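Open your viewer and get the selection tool ready. This tour moves from one stop to the next, saying what to select and what is there.

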Amino acid sequence: MPRGGAFSRALAFVGRTLRGEWYGIVVDPLRQLRRRGPAALLLAFVACAGVIFFHAIAQHRTGAIAVRVLGGVQGDLPLWLALLRTPVSLYVPALDLPVWAGITQLFLAFALAELALGRRRTLLIAYASTLAGTLSARVMMAMGPGRWGLGVPPEIGQVLDTGPSAAVVGLFTYLSVVRRAPVVFTLTGGSMVLESIAKPNLAGREHLIAVAAALVLGLLHERGRRRRRAAAGTRDTASA
C-alpha cells in the first residue's frame, strides 16, 4: 500500500473528525442559542450566580460556616446528610482556587450542555457526576490506606468535596461522547488523568470517577440511540 495514499486517508479522517467535532460542539450550540435566545442559558447563568454568591458570603466567618453547613460535603458525614447537601455543593467553589477561572469553565460547560442536551439531561449528568465522586470517596475510605492503590486514610473524610468541578468535567466528558469529540475528551479526561498523577489527592481521584461515570452514561445513551435507530429501520422495512 503506497505511503502517500495511507497518509492522505489518515489526513482526511482527521479532517472529518475535527470538522464533525467543530459542528457538534460549537456550531450547533450557537445555532440553538440564536434560535432560542439567552433564555436557553438559564442553567449556566444560575450555576455561575450560585458560585459567585457562595464564594462572596464565604469570605466572612459567619458566611463560611453557613456555606459549610448548607453545601459542605465530606466523607465522614452521615450518608443521608451528604446526599442532602450534594445538590448545594454544586455551587460551593474551592476557596483556595481562583474563582473567576472556575466560573468561566463552569459557564462554558453548562452553556454547551444546556444547548446541546437540554436542561433536564444537563442537570442529570451534572448531579450524577458529582454524586459519583462523592460516593467514591466513601468507598476509598472503606478500602483503607494503600489498598490496590485506591484506598485512603480515614482522615481524608474531613476534606471537603470537589464542588462544581466534578460536574464540569462530567458534562464535558458526556458531551464529548455523544457529540463524538475526541479532542474535547482528551483535553478534559486526559487532563484529569495527568492531574491525578501529578498531584495524587482525593480531588483528583474524584474527578477521575466523575469522568468515568459520565463516560459510561454517554456510552449507554449512544447504545440506546443505535438500538432505537435499528428498531425504526426494521419497522420501516416491514411497512414498505
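Begin by selecting Arg180, which counts as exposed because its relative accessibility is 51%; exposed means over 50% relative accessible area, buried under 20%, and partly exposed in between, with a 1.4 Å probe and protein chains only. Arg180 sits in the loop between helix 7 and helix 8. Have a look at its backbone too: phi is positive, about 50 degrees, although Arg180 is not a glycine. Most residues other than glycine have a negative phi.

A word on what is on your screen: this is a predicted model, in which local features need pLDDT of at least 70 and side-chain atom pairs count only at pLDDT 80 or more, while totals for chains, interfaces and linings use all residues. Residues are numbered from 1 along each chain as its sequence is written, and side-chain values use heavy atoms, with hydrogens and water left out.

**The whole protein**

Now zoom out and colour by secondary structure. The protein has nine helices and zero strands, where helices (H or I, at least four residues) and strands (E, at least two) are DSSP runs numbered from the N terminus. Of the 240 residues, 39% are buried. Taking contacts (heavy atoms within 4.5 Å) between residues at least 6 apart in sequence, 75% join residues at least 24 apart.

**The second largest pocket**

Next, select Ile25, Thr104, Gln105, Leu108, Leu112, Phe172, Leu175, Val184, Leu187 and Thr188, the lining of the second largest pocket. On a 1 Å grid over the protein atoms alone, a pocket is an open set of points with protein on both sides within 12 Å along at least five of seven lines, a cavity is a set of points where a 1.4 Å probe fits but cannot get out, and lining residues have an atom within 4 Å of a point. This pocket holds about 180 Å³ of space; a volume is the space filled by probe spheres set on the points, with grid points joined across faces, edges and corners.

Which helices each supply at least two residues of this lining? They are helix 5 (99-117), helix 7 (164-178) and helix 8 (182-198). Helix 5 gives the largest share, four residues. Colour the lining by class and you will find seven nonpolar, three polar and no charged residues (Ala, Val, Leu, Ile, Met, Phe, Trp, Tyr, Cys and Pro count as nonpolar, Asp, Glu, Lys and Arg as charged, and the others, Gly among them, as polar).

**Two cavities**

Rolling a probe the size of a water molecule over the atoms shows where empty space is left. A search of the whole structure finds two cavities of 30 Å³ or more.

For the largest cavity, about 50 Å³ in volume, select Val73, Gln74, Gly75, Thr134, Ala137, Arg138, Val159, Leu160, Asp161, Leu202 and Glu206. Helix 6 (119-143) and helix 9 are the elements giving two or more residues to this lining, and helix 6 provides the largest share, three residues. By class, there are five nonpolar, three polar and three charged residues.

Stay here and pick out Thr134, in helix 6. Is Thr134 buried or exposed? With 5% relative accessibility, it counts as buried. Leaving out residues up to four places away in sequence, Thr134 touches Val73, Thr86 and Asp161.

For the second largest cavity, about 40 Å³, select Leu43, Ala47, Leu90, Tyr91, Phe110 and Leu123. Here the lining has six nonpolar, no polar and no charged residues.

Move to Leu84 in helix 4 (residues 79-89), which counts as exposed at 59% relative accessibility. Draw a distance from Leu84 to Val73: the two are eleven residues apart along the chain, with C-alpha atoms separated by 9.2 Å.

Finish at His221, in helix 9 (residues 202-239). Not counting residues up to four places away in sequence, His221 touches Arg121, Tyr174, Val178 and Arg228. From His221 to Tyr174 is 47 residues in sequence and 9.6 Å in space, C-alpha to C-alpha.
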